[in-house]
Amino acid sequence: MAFRVVRITSRCKLETRLNYLVCMRDKETKILLDEISVLIIETQQACITNGLISELVGHGIKVIFCDGQHNPCGEIVPYAGSQDSYKKIKRQILWSEPAKKSIWAKLVRMKIHNQARLLLKRKEIQAAQTLQGYEKEVELEDKTNREGLAAKVYFAALFGKTFDRRKPSILVNTYLDYGYSILLSFVNREIAAFGYLPQIGIHHIGETNPFNLGCDIMEPFRPFVDAFVVDGTVNQENFKGQLLSCFGLELLCDDRKTIFDNAIHIFVLSFLKAMCEGNPKMLVDVKFLDEQL
């Protein structure tokens, strides 16, 4: 399984040769395409050949492009994720409303559960107990918006009562947004690889959002990114590398210890099976390891 996350941060030419990504600048660097999971092009001064783009798509490698401020602004999603994409997309369009409501509620419970666990690690006992109460109160489709209520308590406990998640000028939001963008890209890669459309979500239905389904599925994983930001080692100079490294950490997925990237693969597959079968019990759990808390 591919495991490398490759970042391109300076002027270079990127091409392919004999199943390798070749990066040419002062000296030539080669990386086997089969080893690459994600390619992030952060610089505006990289030149990439069409031949390499075709090979990256063919290998199922997620390619993320960044803007002038080095923030993710777009990505490549292949047209064909699997040989039976047409069949799967027809099934996706017909996903039942009861399944959408019940599985969204389960995603919200899982997210709040992980948020509460992180608060317990931070010794924010009262806030954690409040979230544990919200977790038990989540209804079908989260009609009472326990997700939103939990978020207010959670972010205030993590970053202070004056913290505003909506203000891009706050550095913490820069770190969170970058981590969430990479997380969303990992999820989108799996959705496309399994042959489904990332545009068609079960709760997120934004007409201008090409990744509604990815935004749905990523929710329980957000606290793992938050944990990296709040631990105090992330700063303006290192946050991109630090946040990328979190995808190599271990967590519990379906009660088994596995690395973050592989957990996303397992979780997305279980979500798609749960939706197609209309059975929320098929959706596996993702949790922090006890020793991480």
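Predicted model: local features only at pLDDT ≥ 70, side-chain atom pairs only at ≥ 80, totals over all residues.
**How the helices pack**

Two packed helices are described by the angle between their axes and the distance between the axes. The table gives both values for each pair.

| Pair | Angle | Axis distance |
|---|---|---|
| α3 and α4 | roughly 165° | within 8 Å |
| α3 and α5 | about 15° | 11 Å |
| α5 and α8 | roughly 20° | within 11 Å |

**α3 and α4**

Helix α3 covers residues 97–121, and helix α4 covers residues 125–137. Their axes cross at roughly 165°. Angles over 145 degrees count as roughly antiparallel, and α3 and α4 are therefore roughly antiparallel to each other. Their crossing is left-handed. From α3, the contact uses Arg109, Ile112, His113, Gln115, Ala116, Leu119 and Leu120. From α4 come Ile125, Ala127, Ala128, Leu131, Gln132 and Glu135. Sorted by class, the residues of this contact are eight nonpolar, three polar and two charged.

**α3 and α5**

Helix α5 spans 146–159. Its axis and that of α3 lie 11 Å apart, at an angle of about 15°. That makes α3 roughly parallel to α5. This crossing is left-handed. On the α3 side, the residues are Trp104, Val108, Lys111, Ile112, Gln115, Leu118 and Leu119. They meet Arg146, Glu147, Ala150, Tyr154, Ala157 and Leu158 in α5. The contact of α3 with α5 has nine nonpolar residues, one polar and three charged.

**α5 and α8**

Helix α8 runs over 222–230. The axes of α5 and α8 cross at roughly 20°. That makes α5 roughly parallel to α8. Here the crossing is right-handed. Tyr154, Leu158 and Phe159 of α5 make the contact with Pro223, Asp226, Val229 and Val230 of α8. Six of the residues in this contact are nonpolar, none is polar and one is charged.

**The largest pocket**

Now to the open space. The largest pocket holds about 430 Å³. It is lined by 18 residues. Closest to its centre are Gly148, Ala151, Lys152, Phe155 and Arg165. Which helices each supply at least two residues of the lining? They are α3, α5 and α8. Helix α5 gives the most, with seven residues. By class, the lining has six nonpolar, three polar and nine charged residues.

Terms used: Residues numbered from 1 in each chain as written. Heavy atoms only, no water. Axes fitted to C-alpha atoms, helices over the stretch in contact; angles between N-to-C directions. Helix = DSSP H or I, 4+ residues; strand = E, 2+ residues; numbered from the N terminus. Parallel < 35°, antiparallel > 145°, perpendicular 65-115°, else oblique. Left-handed = near helix turned anticlockwise from the far one by under 90°. Contact = heavy atoms within 4.5 Å. Nonpolar A, V, L, I, M, F, W, Y, C, P; charged D, E, K, R; others polar. 1 Å grid on protein atoms, 1.4 Å probe; cavity = no way out; pocket = protein on both sides within 12 Å on 5 of 7 lines; lining within 4 Å. Points joined across faces, edges and corners; volume = space filled by probe spheres on them.
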